[in-house]
Amino acid sequence: MSASPVYLDAATAAPMHPVARQALLAAFDDGWADPGKLYTQARRARQLLDAAREATALTLGVRADEVSFTPSGTTAAHGAVLGGLAGRHRVGSTLVHSAIEHSAVLHAAERHVAAGGTATGVPVDRSGRLDLTAWSAAVQGPGVALAALITASHEVGTVQPVAEAAAACADVGVPLYVDAAQSVGRVPVPAGWSVLSASAHKWGGPPGVGVLAVRKGTRWESPWPADEREGGRTPGVVNLPAVVAAAASLRAAAADAAAEATRLAPLVDRIRARVATEVPDVEVVGDPVLRLPHLVTFSCLYVDGEALLHALDRRGFAVSSGSSCTSSTLRPSHVLEAMGVLSHGNVRVSLHRETTEADVERFLTELPGIIAELRAEAGVVGL
């Protein structure tokens, strides 16, 4: 009898929270009408949407009218970058961002540059932590319209100095956009930001719901064609049942976040320690202390990344990678490259509320043998 599959890729999508499933099913009955209309069914839908917005705003610590729901976290990130730049086009056309932003942010930056704007990447150190000196110098430059900083790396888990970066931005009047996809629902997001984006399926909500929050007083203009819904920040009717489920699960995840961090952080520490000692020629990357409690990444020499992920999958382990061999673009991970760390045979393990100690132990028990087999197949022995 084969062992049960072990899902260890919550950084991509966490298993749906039971609260989300319950809310989703309930909202199908009352949340199908267009909340913008005036008849009875629409008013009920409006009540659900308003309640979801209030609950999300409460968790984020913002006003309800600062929160909009989008079709995805990627859409929210695109809107955050392009809208923030459009709102400050009279000030300048420069976007400052860290070198390890999510591809959604970098793709928005590429579009901005293609349209005649400029983008300045700020380096990180070998642990993946922002160079604050370089950041401060960059945001002080002429014509900076917006700065973008991921709250914590989605690939290696290093938590960024958001409060310090926000202070540097505030000193020169530059709004800060934070991509909080990996933080919301897991760890508090530091204050000081002007625009924030998040994604529901990262915290156990359904896929297809993003959150875009724009603080009052921030100059932000929608980069999309005009639409009056969602405060004019994103076009189209929202998927209301999914939004209701996202809000309910966010509240539940945030309520359990501290306890989950206390439970998962020692498991991540165990993975970091055991992989480093039991797998030859491996590099565990990311800050060992200032990190997300559920995510760990390591890279293995002499191992093809795609082959390693497939081998782990055949043994029942679902993990992800930022290495060249598993990227849809077939390019090396820009995050690992920016850090200057090993990118071959890269594996990202991210835990969630259903992950057990037994799951982690089984992974750690089988991993060294799987890597040794792959290296032997490639003719690498005697390590």
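**Domains.** I looked up the domain assignment first: domain 1 covers 6–14 + 257–378, and domain 2 covers 18–252. The bounds come from an automatic or database domain assignment. I am working on a predicted model, where local features need pLDDT of at least 70, side-chain atom pairs count only at pLDDT 80 or more, and totals for chains, interfaces and linings use all residues. Residues are numbered from 1 along each chain as its sequence is written, and side-chain values use heavy atoms, with hydrogens and water left out.

**Interface.** I find the C-alpha centres of domain 1 and domain 2 to be 27 Å apart. In contact (heavy atoms within 4.5 Å) are 29 residues of domain 1 and 29 residues of domain 2. I read a buried area of about 2300 Å² between domain 1 and domain 2, with 54% of it from carbon and sulfur atoms. Buried area here is the accessible area (1.4 Å probe) that two parts lose on being put together, summed over both. Of the area that domain 1 buries against domain 2, 24% comes from Leu292, His334 and Met339, more than any other three residues supply.

I looked for salt bridges, defined as a side-chain nitrogen of Lys or Arg within 4 Å of a carboxyl oxygen of Asp or Glu. The rule finds one across the interface of domain 1 and domain 2. I also noted that the side chains of Glu283 and Arg126 form a salt bridge at 2.8 Å, N to O.

**Elements.** On the side of domain 1 that touches domain 2, I list β9, β10 and α9 (334–339) as the elements giving two or more residues. α9 gives the most, with five residues. Helices (H or I, at least four residues) and strands (E, at least two) are DSSP runs, numbered from the N terminus.

**Sheet.** I traced an open antiparallel sheet of three strands, ordered β9-β10-β12. β9 (282–285) and β12 (346–350) are the edges, each with a single partner strand, so one side of each lacks a neighbour in the sheet. Neighbouring strands are turned by 20° against each other on average, direction ignored. Strands pair if DSSP finds at least two bridges between them. β10 (residues 295–300) and β12 pair antiparallel over five bridges. I see Ser299 opposite Asn346 in β12.

Terms used. Axes fitted to C-alpha atoms, helices over the stretch in contact; angles between N-to-C directions.
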